[in-house]
Amino acid sequence: MLILNNVGMTYHSGSGPVEALRDVNLEINDGEFVSLLGPSGCGKSTLLFIVTGLTVPTAGYVTIDDKKITEPFHEAGFVFQDHLLLEWRNVLQNVSIQGELRGMDKQVAHERSMELLHMVGLEDFKDKYPHELSGGMQQRISICRALHHDPKLLLMDEPFGALDAFTRDQMRVDLERLWAKRNSTVLFVTHDISEAILLSDRVVVISRRPGTVLEQIKIDLPRPRNFSVSESAEFLSYKHRLTKTFMEMGVLYE
Ligand SMILES: Nc1ncnc2c1ncn2[C@@H]1O[C@H](COP(=O)(O)OP(=O)(O)O)[C@@H](O)[C@H]1O
Ligand SMILES: [Mg+2]
């Protein structure tokens, strides 16, 4: 279980201090899919970096299974908005790099990569190079890479932000399928209300900066959530409620 205890973060840069996060308290259960939903600049990326241990908070602390995070947490997988694939490595080599860095047996790493590529329908592209693929394919590969060492915690920072609407919908369905098979805990950052509802077991709304937990909504939609879910009355009611929250925050207005 992942717990954030009164986490706060103030950056000190040339133009004076910037308080990005204040008193963030959150508990995430094993195997849960949680979205952090909030406007741009509210501290979502900062929060993910604090969970990785790469950024040290200026207040509070994070624990994973009762152990305080004091150094980079290598068991996590991370997917960014920009896929950051290595251009000089082909698809298979990009996915397998995690295994190589962790000293995994070459054959085991290879099989694991092929299994993941198969799950996202890209096994036939294993010898291609990143520039030969579409944005959606590249992002699928970066998700495979993040899952390669079977992380118990997957951290995703607006991973579909740069994709077109069709590709986003498809990626969402693919991600749900991968997650259902692996049972990892996912912390997914987005500023897209529909995406947060469709993916999550729970949506955590982060306020404007300094970001703090404003509201938490459990999403009780059945899984797998196929394309028609976004037409259901339940989905629309969640969307209505969250849109209202964003209007009250002054992020959306009529
Ligand atoms: N390394 C940094 N140094 C100084 N300020 C930063 C740094 N990283 C983020 N910030 C500031 O912290 C605030 C939150 O940023 P960020 O966590 O990236 O928000 P979000 O991901 O929600 O858009 C912003 O005002 C941003 O300018
Ligand atoms: Mg961000």
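In which helix is Gln-98 found? Gln-98 is found in helix H2, where helices (H or I, at least four residues) and strands (E, at least two) are DSSP runs numbered from the N terminus.

## Basis of the model

This is a predicted model, in which local features need pLDDT of at least 70 and side-chain atom pairs count only at pLDDT 80 or more, whereas totals for chains, interfaces and linings use all residues. Residues are numbered from 1 along each chain as its sequence is written, chains are lettered from A and ligands numbered from 1 in the order in which they are written, and side-chain values use heavy atoms, with hydrogens and water left out.

## Surroundings of ligand 1

The shell around ligand 1 consists of Tyr-11, Val-18, Ala-20, Pro-39, Ser-40, Gly-41, Cys-42, Gly-43, Lys-44, Ser-45, Thr-46 and Arg-209, a residue being counted as near a molecule if one of its heavy atoms lies within 4 Å of it. By type, these residues divide into 5 nonpolar, 5 polar and 2 charged; here Ala, Val, Leu, Ile, Met, Phe, Trp, Tyr, Cys and Pro count as nonpolar, Asp, Glu, Lys and Arg as charged, and the others, Gly among them, as polar. Strand E2 (16-28) and helix H1 (44-52) each supply at least two residues of the shell, and the largest share, 3 residues, comes from H1.

An oxygen atom of the ligand is 2.8 Å from an N or O atom in the side chain of Ser-45, while for a polar backbone atom of Cys-42 the distance to a ligand oxygen is 3.2 Å. In the side chain of Arg-209, an N or O atom is 3.3 Å from an oxygen atom of ligand 1. Of the 560 Å² of accessible area that ligand 1 has on its own, the protein covers 61%, with areas taken from the Shrake-Rupley method and a 1.4 Å probe, and with only the protein chains shown counting as cover for residues.

## The largest nonpolar core

The largest nonpolar core has 29 residues, and those with the most contacts inside it are Leu-117, Ile-141, Ile-143, Met-156 and Phe-188; such a core is a set of buried Ala, Val, Leu, Ile, Met, Phe, Trp, Tyr and Cys residues joined through side-chain atoms within 4.5 Å. At least two residues of this core come from each of helix H2 (91-101), helix H3 (106-119), helix H4 (135-147), strand E7 (153-157), helix H5 (165-182) and strand E8 (185-190), and H4 gives the most, with 6 residues. The core draws at least three residues from each of domain 1 (2-75 + 151-248) and domain 2 (84-150), the bounds of which come from an automatic or database domain assignment.

## Buried and exposed positions

Gln-98 is buried, with a relative accessible area of 16%, where buried means under 20%, exposed over 50%, and partly exposed in between (1.4 Å probe, protein chains only). Gln-98 and His-148 are 50 residues apart in sequence and 6.4 Å apart in space, C-alpha to C-alpha. Asp-174, placed in helix H5, is buried because its relative accessible area is 5%, and its side chain makes a polar contact of 2.9 Å with the side chain of Arg-140.

Asp-124, in the loop between H3 and H4, is exposed at a relative accessible area of 72%. Between Asp-124 and Ser-232 there are 108 residues in sequence and 36 Å in space, C-alpha to C-alpha. Thr-70 lies in the loop between strand E5 (67-68) and strand E6 (76-79) and is likewise exposed, with a relative accessible area of 67%.

## Backbone features

The peptide bond from Arg-209 to Pro-210 is cis, with omega near -5°, and Pro-210 belongs to the loop between strand E9 (202-206) and strand E10 (213-218). A cis peptide bond also runs from Arg-223 to Pro-224, with omega near -5°, and Pro-224 is in the loop between E10 and helix H7 (233-248).

Asp-65, in the loop between strand E4 (59-64) and E5, has a positive phi of about 45° although it is not a glycine, and counts as partly exposed at 38% relative accessibility. Asp-66, found in the loop between E4 and E5, has a positive phi near 70° and is exposed, with a relative accessible area of 74%.

Key: A polar contact is a pair of N or O atoms within 3.5 Å; within protein, one must be able to donate a hydrogen and the other to accept it, and residues adjacent in sequence count only if both atoms are side-chain atoms.
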